[in-house]
Amino acid sequence: MIVVLCGPGGVGKGTVAAEVVRRVPMLELSRSWTTRAIRPGESPDAYTFVTRERFVAAVEAGFFLEWEEFGGQLYGTPRPEGGVGSVLLEIDARGATTVRRLEPSSLIIGLEPPSLEVLRDRMARRGDGEHHIERRLAIASEEMVLARTVADHIVVNGDLANTVEEVVGLIEAWMVARSRG
Ligand SMILES: Nc1ncnc2c1ncn2[C@@H]1O[C@H](COP(=O)(O)OP(=O)(O)OP(=O)(O)O)[C@@H](O)[C@H]1O
């Protein structure tokens, strides 16, 4: 069973996901793979950082549920192992549409920033370069339109504690509904 948090870069997917898995014991965070370099100050656990050669070999071995190229770098979601619980994926809206196609019963939650100004501010505070920020902002609105078409729910990530509360509530309700068949 797959739960997806999707949304534009810098909206807070990683931050919210980390809190949500602490609160929902049956949920395991799936770590994405990337060929991009680790950012200064970024946790080495944020992604599985690999070389392009290793990534391509994993693609050829059928290791990924979905993968894509963004800004010249590769990003991929490993196929979930068949455990008892559910996995939480934090991916972009394009990845979410792939998950919806492959696993239609997945729960997909779209995260949106309170405004594009707030989104810019969060990326700047995180230390992202101006070029990176402009590139992300240029596609953010388009990504949110796509997210709205694929998501079961949209949550605005304003106050972090409220967002986590809301997302946990949606996931728990979904888990209860599924267990009742
Ligand atoms: N609700 C919030 N209020 C204030 N700051 C937040 C909130 N959520 C996340 N942030 C901050 O915004 C920045 C971006 O968050 P995060 O790295 O989780 O985004 P992301 O969507 O995972 O980004 P990417 O897709 O680029 O990896 C971080 O510095 C984080 O601390």
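## Basis of the description

Residues are numbered from 1 along each chain as its sequence is written. Because the model is predicted, local features need pLDDT of at least 70 and side-chain atom pairs count only at pLDDT 80 or more, while totals for chains, interfaces and linings use all residues.

## The five-stranded sheet

Five strands form an open sheet with parallel pairing, in the order S2-S7-S1-S8-S9. Strands are DSSP runs of E with at least two residues, helices are runs of H or I with at least four, and both are numbered from the N terminus. Two strands pair if DSSP finds at least two bridges between them. Strand S2 (27-29) and strand S9 (153-156) are the edge strands, and each pairs on one side only.

S8 and S9 are joined in the parallel sense by four bridges, and glycine 110 stands opposite isoleucine 154 in S9. Helix H5 packs on this sheet and touches S1, S8 and S9, with a direction at about 150 degrees to that of S8. Such angles run from 0 to 180 degrees between N-to-C directions, using axes fitted to C-alpha atoms, for helices over the stretch in contact.

## The four-stranded sheet

A further open sheet has four strands in the order S4-S3-S6-S5, with mixed pairing. Strand S4 (48-49) and strand S5 (64-70) each have a single partner strand, so one side of each is left without a neighbour in the sheet. S5 runs antiparallel to strand S6 (residues 73-78), and six bridges join them. Tyrosine 75 in S6 is the bridge partner of glutamate 68.

## The nonpolar core

The largest nonpolar core has 32 residues, and Val4, Cys6, Ala96 and Ile109 have the most contacts inside it. A nonpolar core is a set of buried Ala, Val, Leu, Ile, Met, Phe, Trp, Tyr and Cys residues joined through C-beta atoms within 7 Å. A residue is buried if 20 or more other C-beta atoms, placed from the backbone, lie within 10 Å of its own, exposed if 12 or fewer, and partly exposed in between.

Proline 40, in the loop between S3 and S4, counts as exposed because it has 6 C-beta neighbours inside 10 Å.

## The ligand shell

Of the 15 residues around the ligand, Gly12, Lys13, Gly14, Thr15 and Arg122 come nearest; a residue is near if its C-beta atom, placed from the backbone, lies within 6 Å. H1, H4 and H6 each supply at least two residues of this shell.

Conventions. Two residues are in contact if their C-beta atoms, placed from the backbone, lie within 7 Å.
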